[in-house]
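User: I would like to go through a model with you, one topic at a time. Please keep the answers plain.

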Amino acid sequence: QVQLVESGGGLVQAGDSLRLSCTCSGCIFSNMGWFRQAPGKEREFVAAIGRSGDSTYYADSVKGRFAISRDNAKNTVYLQMNSLKPEDTAVYYCVSRLGPITTIGRNYDYWGQGTQVTVSS
């Protein structure tokens, strides 16, 4: 059974960095990603990474500031977030799926419980 557990969220100031981690049991052959949802807003795609780590995709809003990576030996996916802005404040969710990599949330089979990221101005 696939289980995703996120960690690394917290309260930071604008311009700071954070690294989120997602440890997944049973995800070594899965495409992985991160989504986020801010209060009163729809869930949105943040980043995705292919099984081998060679393919990565980013939302325009985070491109150049965030970096997704994975360590299959540790069953872990990371989201390095730099130059954080108040508009990055949200609950961040780790996701996985065996099917083709996608930016569409409903296509992901498994979701973590989420980790809160709050960026103060």
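User: Is Phe-45 buried or exposed?
Analyst: Phe-45 is buried, with a relative accessible area of 12%. Buried means under 20% relative accessible area, exposed over 50%, and partly exposed in between, with a 1.4 Å probe and protein chains only.

User: What kind of model is this, and how are residues numbered?
Analyst: This is a predicted model, in which local features need pLDDT of at least 70 and side-chain atom pairs count only at pLDDT 80 or more, while totals for chains, interfaces and linings use all residues. Residues are numbered from 1 along each chain as its sequence is written, and side-chain values use heavy atoms, with hydrogens and water left out.

User: How many aromatic pairs are there?
Analyst: The structure holds four aromatic pairs. One of them is formed by Phe-35 and Phe-45, which are edge-to-face at 5.6 Å centre to centre, with 75° between the planes. Rings of Phe, Tyr and Trp (its six-membered ring) pair if their centres lie within 6.5 Å; planes under 30 degrees apart count as stacked, over 60 as edge-to-face and the rest as tilted.

User: Where do those two Phe residues sit in the chain?
Analyst: Phe-35 lies in strand E4 (residues 31-37) and Phe-45 in strand E5 (residues 44-49), so the pair links parts of the chain ten residues apart. Strands (E, at least two residues) are DSSP runs, numbered from the N terminus. Phe-35 is buried, with a relative accessible area of 2%.

User: Why is the pair of Tyr-93 and Trp-111 edge-to-face?
Analyst: The ring centres of Tyr-93 and Trp-111 are 6.1 Å apart and the planes are at 70°, so this pair is edge-to-face. Tyr-93 belongs to strand E9 (residues 90-97) and Trp-111 to strand E10 (residues 110-111), 18 residues apart. Trp-111 is partly exposed, with a relative accessible area of 28%.

User: Which residues form the aromatic cluster?
Analyst: One aromatic cluster is formed by Phe-35, Phe-45, Tyr-93, Tyr-108 and Trp-111.

User: Back to E4. Why is it described as largely enclosed?
Analyst: Six of the seven residues of E4 are buried, so the rest of the structure largely encloses this strand.

User: What does E4 pair with?
Analyst: E4 runs antiparallel to E9, with seven bridges, and antiparallel to E5, with five bridges. Two strands pair if DSSP finds at least two bridges between them. Phe-35 stands opposite Tyr-93 in E9, and Gly-33 has Ala-48 in E5 as its bridge partner.

User: How many residues lie between E4 and E5 in the hairpin?
Analyst: Six residues lie between E4 and E5, and Gly-40 in the turn has a positive phi of about 75°.

User: New topic. Which residues does the disulfide join?
Analyst: The structure holds one disulfide, and it joins Cys-22 to Cys-94, with an S to S distance of 2.1 Å. A disulfide is a pair of cysteine sulfur atoms within 2.5 Å. Cys-22 is in strand E3 (residues 18-25) and Cys-94 in strand E9, 72 residues apart.

User: What is its handedness, and are the two cysteines buried or exposed?
Analyst: The torsion about the S-S bond of Cys-22 and Cys-94 is about -80°, so the disulfide is left-handed. Cys-22 is buried, with a relative accessible area of 0%, and Cys-94 is buried, with a relative accessible area of 0%.

Terms used:
Helix = DSSP H or I, 4+ residues; strand = E, 2+ residues; numbered from the N terminus.
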